[in-house]
Amino acid sequence: MPAAVSLPAGLEPEALLAALRPLCWGAADILLAYGRGQQPPHGFPRALRVEEGGEGPVSAADLAVNRWLLDGLASAFPLAPWTVLSEETAKEQLTPGQPLEAEWLWILDPLDGTKDFLQGTGQYAVHLALVHRGQPVLGVVLMPELEQLWFGVVATDPDQAGEAWCEDRAGRRSAPQLSTRAAQAELVLVASRNHRDQRLEQLLEALALGDTRAIGSVGGKVATILRGETDLYISLSGKSAPKDWDMAAPEAVLRAAGGAFSHADGQPLRYNTGDPRQAGCLIASHGRLHQQLCEQAAAALAVIDPGFAV
């Protein structure tokens with residue numbers, strides 16, 4: 001792990017990782033059981049209720065993983081000086097326009113890709129990120145169906161590399177394999193299955209990329225970049241926008257792996273600003289052509305949707 005890792009005073013990186021591993025695999029077991037119609041572990045109810053909440057469905061699986069991780073973090077680190085913000089509790093925690101008073105903040109999405117989970121595609125993920133003063137320093141993306149647990153540690157020193165890796169249940173590590181594709185016409189885009197509009201289609205036509213793959217969750221999309229299967233992901237907000245819990249963990253892992261994640265104007269994403277929406281044009285990539293892609297996207301959007309804040 002890089003030497004300059006930003007963590008609360010007195011907390012050792014290996015101790016944190018040692019606590020996160022069983023919590024993450026426990027979350028995987030809960031989701032896999034619900035997805036297969038089996039009895040979930042850890043005392044959670046078997047019935048998979050589905051209700052509408054926020055901008056989409058919320059299932060018993062979301063709520064069970066949320067409770068498992070919140071309780072697990074509280075039990076493992078009862079005195080840690082951090083706050084936990086979860087998608088499932090955000091309505092109660094957040095006041096519009098007011099950031100949470102937390103120098104250290106965990107941002108949790110217990111089930112990113114609930115629609116995919118309910119549809120049985122397997123393309124869902126769990127996101128957990130530790131944010132320090134608005135910037136992610138540690139990201140965790142769990143892919144239960146693939147049995148992949150991605151960690152990303154973002155170095156605090158800009159001259160020092162971060163570190164990202166994937167673990168299986170046995171603790172075996174593998175390194176990210178970002179692709180070497182360097183011609184824009186050869187780049188493979190990973191796109192949303194459920195969130196596309198005419199503006200995005202026009203933007204993709206202007207960028208003249210190569211193939212496109214459709215994947216459910218943001219964590220799942222970024223994992224395809226980490227495995228070298230795709231090269232970039234573009235989020236273009238419209239009537240709705242992704243939230244902090246959609247982006248924080250995938251961003252941390254991708255940046256730690258040597259990739260890039262920013263607004264199309266090159267500005268970094270910020271978290272806990274008082275508005276959880278991550279609006280604008282966000283581009284995540286393997287990093288090789290990131291600036292070029294951002295410049296072209298910003299120029300194209302100025303024509304497609306004048307006045308749109310990228």
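This is a predicted model: local features need pLDDT of at least 70, side-chain atom pairs count only at pLDDT 80 or more; totals for chains, interfaces and linings use all residues.

Reader: How many nonpolar, polar and charged residues does the lining of the largest cavity have?

Author: Three residues of that lining are nonpolar, four are polar and two are charged. The space within the largest cavity is about 60 Å³, and a search of the whole structure finds two cavities of 30 Å³ or more.

Reader: How should I read a nonpolar core?

Author: In soluble globular proteins, nonpolar side chains tend to be buried together. Here the largest nonpolar core has 43 residues, of which L16, L20 and W106 touch the most other members. At least two residues of this core come from each of α1 (13–35), α2 (60–76), β4 (104–112), β5 (125–132), β6 (135–143) and β7 (148–153). The largest share, 13 residues, is supplied by α1.

Reader: Which residues does L16 contact, leaving aside its neighbours within four places in sequence?

Author: With those neighbours left aside, L16 is in contact with L7, L11, F77, W82, W106 and L138. There is also a second, separate core of 36 residues, which includes C166, I225, L226 and V253.

Reader: Is S235 buried or exposed?

Author: The test is relative accessible area, and a residue is called buried when the value is under 20%. S235 has a value of 7%, and therefore S235 is buried. S235 lies in strand β12 (residues 232–236). Apart from neighbours within four places in sequence, S235 is in contact with P242, M247, G280, C281 and L282.

How values were computed
Residues are numbered from 1 along each chain as its sequence is written. Side-chain values use heavy atoms; hydrogens and water are left out. A nonpolar core is a set of buried Ala, Val, Leu, Ile, Met, Phe, Trp, Tyr and Cys residues joined through side-chain atoms within 4.5 Å. Buried means under 20% relative accessible area, exposed over 50%, partly exposed in between (1.4 Å probe, protein chains only). Helices (H or I, at least four residues) and strands (E, at least two) are DSSP runs, numbered from the N terminus. Contact means heavy atoms within 4.5 Å. On a 1 Å grid over the protein atoms alone, a cavity is a set of points where a 1.4 Å probe fits but cannot get out, and a pocket is an open set with protein on both sides within 12 Å along at least five of seven lines; lining residues have an atom within 4 Å of a point. Grid points are joined across faces, edges and corners, and a volume is the space filled by probe spheres set on the points. Ala, Val, Leu, Ile, Met, Phe, Trp, Tyr, Cys and Pro count as nonpolar, Asp, Glu, Lys and Arg as charged, and the others, Gly among them, as polar.
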